[in-house]
Amino acid sequence: MADIKKVATREAYGEALAEFGAVYDNLVVLDADLSKSTKTDTFKKKFPERHINCGIAEGNMMSVAAGLATTGKVVFASSFAMFAAGRAFEQVRNSIGYPHLNVKIGATHAGLSVGEDGATHQCCEDIGIMRTIPGMVIINPADAIEARAAVEAAIKYDGPVYLRFGRLAVPTINDNPGYHFEIGRGIELAPGKDVTIIATGLMVPQALEAKKMLAESGIDARIVNIHTIKPIDRVIIKKAAAETGAIVTAEEHNIIGGLGSAVCEVVVEECPVPVVRMGVEDTFGKSGTATAVLEYFGLTAENIAQKAKKAISLKK
Amino acid sequence: MDAASKKQLSIIAVNIRKHALEAVHSAKSGHPGGSLSISDVMAYLYFKEMRIDAKNPKLEDRDRFVLSKGHCAPALYSALALKGYFPIEEIKNFRKIGHMLQGHPDMKGVPGVDMSTGSLGQGISAAAGMALSAKLSGKDYRIYTILGDGELEEGQVWEASMFAAQYKLDNLCAYVDNNGLQIDGNIADVMSPYPIVDKFKAFGWNVIEINGHNLDEIEMAYSQAKTIKGKPSVIVAHSIKGKGVSFMENRAEWHGSAPNDEQYAQAVKELDAELAKLEVQ
C-alpha cells in the first residue's frame with residue numbers, strides 16, 4: 001500500500017484540536033508533559049492560553065479537567081493511553097465518569113505500535129478498563145480522517161469520551177466523499193457473505209488486506225469498521241452474525257476486554273455464531289520497530305485471514 | 001466579627017452538628033467525627049463568606065465549594081439544607097436507597113453540590129480546575145475546598161498543590177481540617193503529613209494557621225486569603241475531631257461509626273444545651 005497516504009491518528013488529533021479550537025472558544029486542552037508526542041502542541045501553537053501543561057501528574061490532570069468541565073469548558077486531557085487510562089483510572093472513574101462530565105480523554109500511543117519504548121508504554125488494556133466505566137464513550141479511529149471526525153463528534157457530544165490514538169503512521173482509508181462518522185455506528189467497508197471481519201483502529205486496513213487474501217481462496221469476507229467500541233453498534237454485529245454466520249475480530253489490544261469481548265457479548269446475546277478473536281493474546285509487548293512488533297505478535301493481515309478460515313470451520 | 005453575626009453563625013454551626021448527627025444516626029452509618037470538626041467553617045462559608053444563591057444553585061458566576069474530604073458529607077448536606085437548597089427533612093434519608101443524599105457528595109443529584117467527591121485527593125484538583133476556569137474566562141468567582149489532614153497523605157494533593165501554585169490560582173482557598181486523627185489513629189502515627197504549614201509554604205502557597213473553632217479567626221483567615229495575589233492560599237485549622245459532643249471529641253473511633261440511640265440522645269442533649277447557652281447571649 002505504498003501509494004496510500006500514511007498519517008498517524010495522533011497527528012490528526014492535534015490538527016483537529018487546532019481546527020476546532022478556532023470554532024469553540026470554550027475548548028481547553030490539558031497535557032501531562034507529552035504535548036510534542038500527543039500532538040496537542042499543534043493546538044498550543046495556535047491557542048497557547050488555552051493549552052495547560054499539568055506536568056507529569058496525570059491523576060491531577062484528570063481531576064483538574066473535571067473541575068474545568070463543571071464550569072462549562074469542553075476539556076481535552078491528553079497523555080499516553082497507559083497513563084490516561086491506566087495510572088489515572090480512578091480519577092477518570094470518580095472525577096469524570098461518575099458525574100458524567102464533559103471531558104474528552106485524548107489517549108495517544110495506544111497499543112503495541114508504540115514500538116521501541118516497549119511493554120511499559122504499550123497499553124493493550126485501556127479499552128477494557130474504560131469500557132467498564134458507566135457512560136464512557138470509547139472511540140478508536142482507524143485513520144486520520146476518522147480521528148478528525150471523532151474529535152468533532154466528541155466535542156458535540158455532552159459527556160465523557162475516551163479517544164484512542166496511535167503513534168504509528170497508518171494508511172488513510174476513509175478519504176472518500178461518502179464517509180460519514182456517527183458515534184456508535186459501525187461502518188461496513190466491504191460486503192461479503194462467508195465471514196465478517198470486525199476490525200478497529202489500525203487493524204482496519206489489515207482487515208481490508210485480509211479480504212483480498214481470502215478472496216484468493218474463494219472466501220467472500222465482509223469488512224466492518226467498529227470505531228466506537230462503546231456504545232457498540234449491536235445492529236451491524238447482529239446483522240453480520242445472521243448473514244455471514246462467523247465473525248473474526250481484529251484489534252491492537254488484549255483479546256480480553258476489548259473489541260473482541262464486546263462483539264462476543266453482543267453475538268451470544270443476539271445471534272450466537274462462532275467468533276474468533278484476533279489481537280494481543282493476553283501478553284505484554286516488547287521493544288522493536290512498530291511494524292516489527294505488530295508482526296511479532298501476529299497483528300497482520302495474514303493472521304486475520306487464518307483466523308477467518310478458523311471461524312468458518314467452526315460454523316455448524 | 002460583630003456579636004450578632006457571631007451569635008448567628010455559632011447557632012448555625014451547632015445546628016449543622018445536630019443535623020449531621022441526625023443524618024449519621026438515621027443511616028446507622030457515616031462519618032460524624034470529621035463532620036463535627038468542620039461545622040464552624042461550614043457555617044461561616046455558607047452563611048457569610050460565599051457568593052451563592054440557594055434559589056439558583058447553578059448560578060454561573062457563583063463561588064464554588066468542593067468538599068475534598070467527601071466523607072464529611074453530613075456537614076455539607078446540613079449546611080445546604082439549612083441554607084435552603086433542599087428540605088431539611090431529606091437529612092434523615094441520608095445513605096438510604098432511593099433517596100438523593102448519597103454517602104458521599106453527588107453533584108448530579110443534590111442541589112448545591114458543586115463537585116462529586118469521596119475519593120480523597122481528587123477534590124482539591126477539581127477545585128483547582130474550577131479556579132483555572134475562572135482565570136481563563138476572566139471571572140471573579142472564588143473556589144473554596146476543605147481537605148482532611150489524613151487526606152494530605154494522598155500524593156494527588158501535592159500534584160494539585162504544585163498545579164495551583166504554577167498557575168497562580170489566587171482565587172483558590174483551601175482549608176485543611178487538622179484534627180489530628182484518621183481512621184486508623186493519630187495521623188502522626190499512621191503516616192505523618194507534618195509539618196503541614198512548611199510543606200504548603202514550600203509548594204508556593206500562602207499559609208494561614210488558625211483555630212478552626214474560632215469564628216473570628218476563620219473570618220480573618222478568609223479575608224486575608226482574598227488579599228493575597230499571585231498564589232493560592234491554604235488555611236491550616238487546628239480542630240477537634242467530634243467537636244461539640246463530649247464523648248466523641250478527639251477519638252479516632254468516631255471517624256466512621258454511627259452513634260446508637262442512647263449515644264445520639266446524649267449528643268443531642270449536649271448540643272441543645274449549647275444552643276440554649278448561645279440563645280441567651
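Me: Among contacts in chain B between residues at least 6 apart in sequence, what percentage join residues at least 24 apart?

Reply: Two residues are in contact if their C-beta atoms, placed from the backbone, lie within 7 Å. In chain B, 76% of the contacts between residues at least 6 apart join residues at least 24 apart. This is a predicted model: local features need pLDDT of at least 70, side-chain atom pairs count only at pLDDT 80 or more, and totals for chains, interfaces and linings use all residues. Residues are numbered from 1 along each chain as its sequence is written, while chains are lettered from A and ligands numbered from 1 in the order in which they are written.

Me: How many residues of chain A are in contact with chain B?

Reply: 24 residues of chain A are in contact with 21 residues of chain B. Helices (H or I, at least four residues) and strands (E, at least two) are DSSP runs, numbered from the N terminus. On the chain A side, α4(A) gives the most, with 9 residues.

Me: Which residues of α9(A) are buried?

Reply: A residue is buried if 20 or more other C-beta atoms lie within 10 Å of its own, all placed from the backbone. In α9(A), the buried residues include M203(A), V204(A), L208(A) and L214(A). The buried residues of α9(A) pack against several elements of chain A, among them β8 (169–171) and α13 (301–313). After α9(A) comes G218(A), with a positive phi near 80°.

Me: What percentage of the residues of chain B count as buried?

Reply: Of its 281 residues, 53% count as buried. Chain B has 10 helices and 7 strands.

Methods:
Buried ≥ 20, exposed ≤ 12 C-beta atoms within 10 Å, placed from the backbone.
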